[in-house]
Amino acid sequence: MSTPPIKFDLQIKYGSEYGPEEERAILEVLRQGAPTSGEACIRFERDFAAYCGTAHARAVSNGTAALFLSLVALGIKRGDRVLTSPMTWIATAAAAVTLGAEVDFVDIDPETCNLDPRQLEAKITPNTKAIIPVHLYGQCCDMDSILAIAERHGVAMVEDACHAVGADYKGRKSGSMGVTGCFSFHEQKNISTLGEGGMVVTNDPAVFQRVALYRSHCTRVYGRSTKYCTLDESRFPMGQRFWWQDFDDCGYNFRMTDVQGAVGVVQLRKLDALNQRRIDNAAYLSAGLGDVPGITLPIVRPGNKHVFHLYPIQLDFAKFGRTKDDFIHAMLHERGIKVGTHYTPLHYTTAFRNRGFRKGQFPVTEAVAERLVTLPINPRQTREALDYLIESVRSLHRG
């Protein structure tokens, strides 16, 4: 049997929308020579910091770079330990591992799939230097509890807000509560800067300076301003009167281009409206699936604005009369709908099995992973498309 054609407005391949405003912004930058990290990026950083309510923001090449630079700025090194969730994309943990640190996983809350603060404190050791809570699927973690634990133990907290741009926690924006907040503008995220992009936000000027330095080869330019280096006019070697470069350390090239920055400025203006469509679509799905036996729908904790980067459901597959693989296969090949499995627990992967992790260590994560599928959600979905998605899930339950 041939696979039905996949309905574009049901899929999650592209999370945001581009229109004539982005086209005009791109053309304007192209006419200026398409610089890297120039005026358009600076404007995006300024607007994004204001949106998040933070003092500083630095645009970077992607969300992985944002996480990595945050840990670099905090001085994470070999022998340090970093706590995070096993239910996340590998970039969260890899940011620590690639600096030589060790990762300790903390099991999750079965209802939100976010890191469970009730299990966090027991995992802290004298070598624990950072906690990375992941605002999974678009809802912030229990930040009051996590912040209290981090403060009690003197541990830095870095927010992985890559799923949660625009989310709120008790009136505070995601990313604004930790030492840094890290965002992704990948093509699947709630806003995108032409397929890739990221941002680090912080209120700490010293952390910001280190992020800014390491983002661009740790370059300092003495004697004149520069669009992507740090300016310090106080030092001139041997009475030099012209500008010169110095490098504080061996850094990286994680800059964002001005073309991406210009698109980011426009996308940020659209963010709240795009997120509201996601929220409305999620509410419609929940209303349509709420009476189906064997489905656990996503919940929104009090005080949270959940922006539904993804729409996760947990299924009792025995009540569906099929396995998880059968369900995913049937949704694709019978109904033409691609559903996801976000994510494979990290301690199942070769990368972390080689580091001593094994099945059975995180029972809540493992149980949720057996039941979890993510239904497609995006701002373009019509009511007709949502009705088709609801009916498709219901029909497989009856089947």
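**Close-up views of salt bridges and cysteines**

**Figure 1. Salt bridges in the predicted model.** The count of salt bridges comes to 17. The structure shown is a predicted model. Side chains of opposite charge can pair when their charged atoms come close. Among the residues concerned, Glu-21, Glu-22 and Lys-270 are joined into one network by salt bridges that share partners.

**Figure 2. Asp-80 and Lys-129 form a salt bridge.** The closest N and O atoms of Asp-80 and Lys-129 are 3.8 Å apart. This pair links distant parts of the chain, its two residues being 49 residues apart. Asp-80 is placed in the loop between α3 (63–73) and β2 (81–84), whereas Lys-129 belongs to strand β4 (residues 128–132). Asp-80 is buried, with a relative accessible area of 5%. Lys-129, by contrast, is partly exposed, and its relative accessible area is 33%.

**Figure 3. A salt bridge brings together the side chains of Arg-301 and Glu-111.** The N to O distance in this pair is 2.9 Å. Arg-301 lies in the loop between β13 (295–296) and β14 (304–305), and Glu-111 in the loop between β3 (102–105) and β4. Arg-301 is partly exposed at a relative accessible area of 27%. Glu-111 also counts as partly exposed, at 45% relative accessibility.

**Figure 4. Asp-291 meets Arg-394 in a salt bridge.** The side chains of these residues are 2.7 Å apart, N to O. Asp-291 is found in the loop between α7 (258–289) and β13, while Arg-394 is part of helix α12 (residues 383–398). The two residues are 103 residues apart, and their pairing links distant parts of the chain. Asp-291 counts as exposed, with 54% relative accessibility. Arg-394 is partly exposed, having a relative accessible area of 24%.

Figure 5. A disulfide is a covalent bond between the sulfur atoms of two cysteines. The closest cysteine sulfur to that of Cys-140 belongs to Cys-141, but at 7.3 Å it is too far for a bond. For Cys-141, likewise, the closest cysteine sulfur is that of Cys-140, at 7.3 Å. A disulfide requires the sulfur atoms to be within 2.5 Å, and the 7.3 Å separation is therefore too far for a bond. Cys-140 counts as buried at 3% relative accessibility, and Cys-141 counts as buried at 1%.

Terms used
Residues are numbered from 1 along each chain as its sequence is written. This is a predicted model: local features need pLDDT of at least 70, side-chain atom pairs count only at pLDDT 80 or more; totals for chains, interfaces and linings use all residues. Side-chain values use heavy atoms; hydrogens and water are left out. Buried means under 20% relative accessible area, exposed over 50%, partly exposed in between (1.4 Å probe, protein chains only). A salt bridge is a side-chain nitrogen of Lys or Arg within 4 Å of a carboxyl oxygen of Asp or Glu. Helices (H or I, at least four residues) and strands (E, at least two) are DSSP runs, numbered from the N terminus.
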